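Open the structure in your viewer and keep the selection tool at hand. The stops below go one selection at a time.

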Amino acid sequence: MIENIAAYLDHVVSQGILSLSPPGWGGALLVGLLHTITIVSGAYIIAIVLGILGATGKIYGGPLIRDWLSVYTTLIRAVPELVLILILFYAVPKIINDLLVASGLARIGFSPTVVGMLVLGVVIGAYMTEIFRGAIIAVSRGQTEAALAFGMSTYHRAVRITLPQMLANALPGMANLWLSATKDTALLAVIGFNELTLVTKQAAGSTRAFFTFFIASGCLYLLVSVLSTQLFAWAERRARRGAPEIRRGKV
Amino acid sequence: MTVPRFVHLHRSAMMLLALWLIYWCATRLKWDWLPLYWHNGLIQAGLRNTVLIFAISWTAGLLLGTLLGLAQAIGPIYAAAPSRVYCTIMRGTPLLLQLWLIYFGLGSLFPQIPWIRNSGAWVYLREGWPFAVLSLSLCFAAYEGEVLRGALRSVPKGQLEAAKAFGMSPSMQLRRVWLPQAFHLALPTLGGDAILLLKSTPLVATVAVKDLFFVSDQVRQDTFIVYEPLIALAVMYVFFAGIVALCFRWLERRVPNRSLGG
């Protein structure tokens with residue numbers, strides 16, 4: 001068994017299908033991974049902005065804003081990501097260009113990467129809104145009251161009190177969302193984005209070495225998820241520093 | 001005097017807007033392809049395949065997930081460790097990648113094995129749906145395994161001690177006390193995960209299974225209509241997700257929460 005595997009690995013390396021330079025596909029896989037990480041990082045930043053705006057609107061906004069935000073979060077979470085990505089793939093660039101034309105500006109072309117970021121950002125922004133809403137509500141009321149008593153402005157209350165404390169509550173949910181976002185990028189392969197899963201399929205198809213490539217890129221995805229889990233755990237420890245330890249009853 | 005909720009101005013405005021939007025969609029958009037694809041049976045086939053694939057992989061995934069959860073919660077180390085690794089791997093890689101690995105990988109392996117080629121199952125193994133169901137079940141099982149591991153651990157200890165005090169055998173404790181309460185605790189998460197599974201079924205269209213997504217893709221390729229088939233598809237999935245959510249709400253209401261007071 002072990003000899004077979006060793007022989008197979010030797011075969012893969014000597015044939016060079018996983019090597020980094022062009023006859024092998026290793027380099028192409030890494031470029032695909034880079035595309036995946038670029039798209040998911042951009043989408044995540046868009047989602048954080050949407051999430052903060054959405055959560056603020058849901059908590060402090062008027063009835064109209066709250067209703068519209070409920071429509072946004074409910075609809076996005078009820079429709080399959082693949083369908084949403086397809087709809088937004090056509091709709092987002094069109095809406096932006098229509099707005100630009102309406103305000104007298106020139107149309108702009110979108111690179112596939114930017115479209116991918118926007119589309120995925122709008123989708124995970126809905127989930128982010130819900131995570132942030134829960135996290136903001138969980139910030140103890142005494143904290144904002146104390147800030148008010150200090151005479152802080154709304155801006156200072158948000159930036160110095162609510163957002164930093166909210167972060168510790170939001171980070172577990174944000175970590176989950178990051179992991180599912182890295183996996184959702186794979187859906188962009190269906191509409192032809194040149195990211196890791198699509199490159200893997202092309203490599204596997206042209207070399208007929210299906211298991212080698214799908215397992216190799218599975219390992220890359222796992223690597224990303226393991227590393228980012230560590231990173232988020234560190235971020236959460238840092239966000240919670242100085243906060244009372246509730247779990248061990250040391251409040 | 002309090003105003004009843006339904007006369008709130010903004011709600012009425014939203015309602016009017018929604019009605020106008022539905023009217024606009026119905027009159028301004030192109031729907032002439034609908035009767036065509038209803039008459040040639042593609043829409044019904046898509047509906048049937050989506051529902052079947054969802055139902056089969058939900059059932060299989062939940063069964064396997066229960067085993068994975070049990071193995072991690074009470075199993076010996078040689079059962080707990082592999083299922084832990086399995087859950088981590090399946091949850092750490094995209095479903096699309098798993099689906100393509102199983103479909104293209106196994107699909108290229110099977111024809112080389114003579115006894116599979118000559119067996120009666122070969123007729124089915126040439127199609128996409130066995131692989132689609134297999135990969136959806138395997139992936140869903142990994143998620144449910146994690147959920148049930150947590151739920152099995154959070155059943156109150158007093159319940160298990162009471163079961164033991166009644167003289168129940170270990171298997172009876174599991175059947176009558178531990179598992180039912182764990183499932184009840186996990187119900188909200190199970191409901192959410194069922195909807196997640198439903199939302200990942202369109203992926204099977206990439207391995208040539210003729211589900212709803214496949215049909216809408218077909219319509220878009222035949223007629224060059226961009227939005228309408230996608231909107232119809234989105235409405236269908238929202239409808240299905242609503243039904244699943246209602247089923248789980250009904251299940252949750254069937255058992256009063258007080259039974260978990262221990």
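**Where the chains meet**

Start by colouring chain A and chain B separately: 35 residues of chain A are in contact with 34 residues of chain B. Keep in mind that this is a predicted model. Between them, the two chains bury about 3200 Å², and 81% of that is on carbon and sulfur atoms. Next, select Lys183(A), Phe211(A) and Phe214(A), the residues of chain A that lose the most area to chain B. Together these three make up 18% of what that side buries.

**Polar links across the interface**

Now show side chains at the interface of chain A and chain B, where 1 salt bridge is found. Select Glu81(A) and Lys199(B): their side chains form a salt bridge, at 3.5 Å from N to O. Counting residue pairs in polar contact between chain A and chain B gives 6, with both residues at pLDDT 80 or more.

Then display chain A by its helices. On the side that touches chain B, two or more residues each come from helix 3 (63–78), helix 4 (81–102), helix 8 (196–207) and helix 9 (210–239) of chain A. Colour that side of chain A by residue type to see 24 nonpolar, 5 polar and 6 charged residues.

**A stop in helix 3**

Finally, select Thr73(A), which lies in helix 3 of chain A. Is Thr73(A) buried or exposed? Its relative accessible area is 0%, so Thr73(A) is buried. Leaving out residues up to four places away in sequence, Thr73(A) touches Lys58(A), Ala126(A), Thr129(A) and Glu130(A).

Technical notes. Residues numbered from 1 in each chain as written. Chains lettered and ligands numbered in written order. Predicted model: local features only at pLDDT ≥ 70, side-chain atom pairs only at ≥ 80, totals over all residues. Heavy atoms only, no water. Contact = heavy atoms within 4.5 Å. Buried area = accessible area lost by both parts, 1.4 Å probe. Salt bridge = Lys/Arg side-chain N within 4 Å of Asp/Glu carboxyl O. Polar contact = N/O pair within 3.5 Å; in protein donor to acceptor, adjacent residues only side chain to side chain. Helix = DSSP H or I, 4+ residues; strand = E, 2+ residues; numbered from the N terminus. Nonpolar A, V, L, I, M, F, W, Y, C, P; charged D, E, K, R; others polar. Buried < 20%, exposed > 50% of the residue type's maximum accessible area, 1.4 Å probe, protein only.
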